[in-house]
Structures are given as C-alpha cells and as structure tokens.
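Notebook open, model loaded. I want to see what one residue is doing and what sits around it.

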Amino acid sequence: MSGGRYDAINLDAAPSSLLTCNCFGHETAIAESVIAALLQHSCRWRDERRRQGDRPCWAGSPQRAHPEFAGSTLGLLGFRDIGEAVPRRTNAFDIHVRVANRSPVVPSELVDPYYPLSDL
C-alpha cells in the first residue's frame, strides 16, 4: 500500500514491504493481553528467584520485599481506543497510568498526568 497518509503514517516514507492495517473492535482483547504480559513478567521474575533458592514473596525482612503492582506506574504512548482500555483494567491493580499523546488527555481516574509527545 502506498501513496498519501494513513492515520498519520506517511506511507510514501515507509518501506514498500510495510503492511499497514487498522483494527477496531479488539481493544478489550489487546488490553487484556497487556495485563497478561504484566502478570507473566512478574510471575517469571518471582519464579526465577524461587528456583535460585530465594523466597521473594516472604515478607520477613525489608531486604526481601518483592515488587507489587500496587503503586507502580505504567506509561502509555497514545490514548485512543486501546490506550483507554488498558487503564480501565490496571485500576484493579492500583497501577498509576501516565500518558504521552498527540492531543491533550483530560486527567481522570484512569490517567494520572498527561504529557505531550514533545516532552518525551
């Protein structure tokens, strides 16, 4: 596909092999996949430590504290359909969400601060 612009992508500047598509209606599945990936990463980290003989979930001393989702921060680039679906799910984990977006995002219970892309 070439010629012109597609959702702010200048296709004339892209390689001819670039496949571009626009998918709507999959926001929930993609947002759930993001949550699954976060959980998988956290569980893999804990599992690796357990296999090394450590007990990362034992709260017997401050040195052995383990990271939790609660109070952590997730950064999102873009805040449209998928970008809005992710924080709806991270709220259950008490994850703070910061967004960098082309257009302003109104702070809400879903998003802490918003940053323009120029601030990256």
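This is a predicted model: local features need pLDDT of at least 70, side-chain atom pairs count only at pLDDT 80 or more; totals for chains, interfaces and linings use all residues.

I started with the N101 side chain, which reaches the backbone oxygen of S103 at 2.9 Å. I count a polar contact as a pair of N or O atoms within 3.5 Å; within protein, one must be able to donate a hydrogen and the other to accept it, and residues adjacent in sequence count only if both atoms are side-chain atoms.

Residues are numbered from 1 along each chain as its sequence is written, and side-chain values use heavy atoms, with hydrogens and water left out.

Is N101 buried or exposed? I get 8% relative accessibility, so N101 goes down as buried (under 20% relative accessible area; exposed is over 50%, partly exposed in between; 1.4 Å probe, protein chains only). Leaving out residues up to four places away in sequence, I find N101 touching G78, F79, Y114, Y115, P116 and L117 (heavy atoms within 4.5 Å).

Next, the strand. N101 lies in β4, residues 96–101 (strands are DSSP E runs of at least two residues, numbered from the N terminus). The sheet is open, three strands in the order β3-β4-β5, paired parallel (pairing takes at least two DSSP bridges). β3 (73–77) and β5 (114–116) are the edges; each has a single partner strand, so one side of each lacks a neighbour in the sheet.

Last, I checked β4 against β5: three bridges join these parallel strands, and V99 has Y114 as its bridge partner in β5.

Technical notes:
Helices (H or I, at least four residues) and strands (E, at least two) are DSSP runs, numbered from the N terminus.
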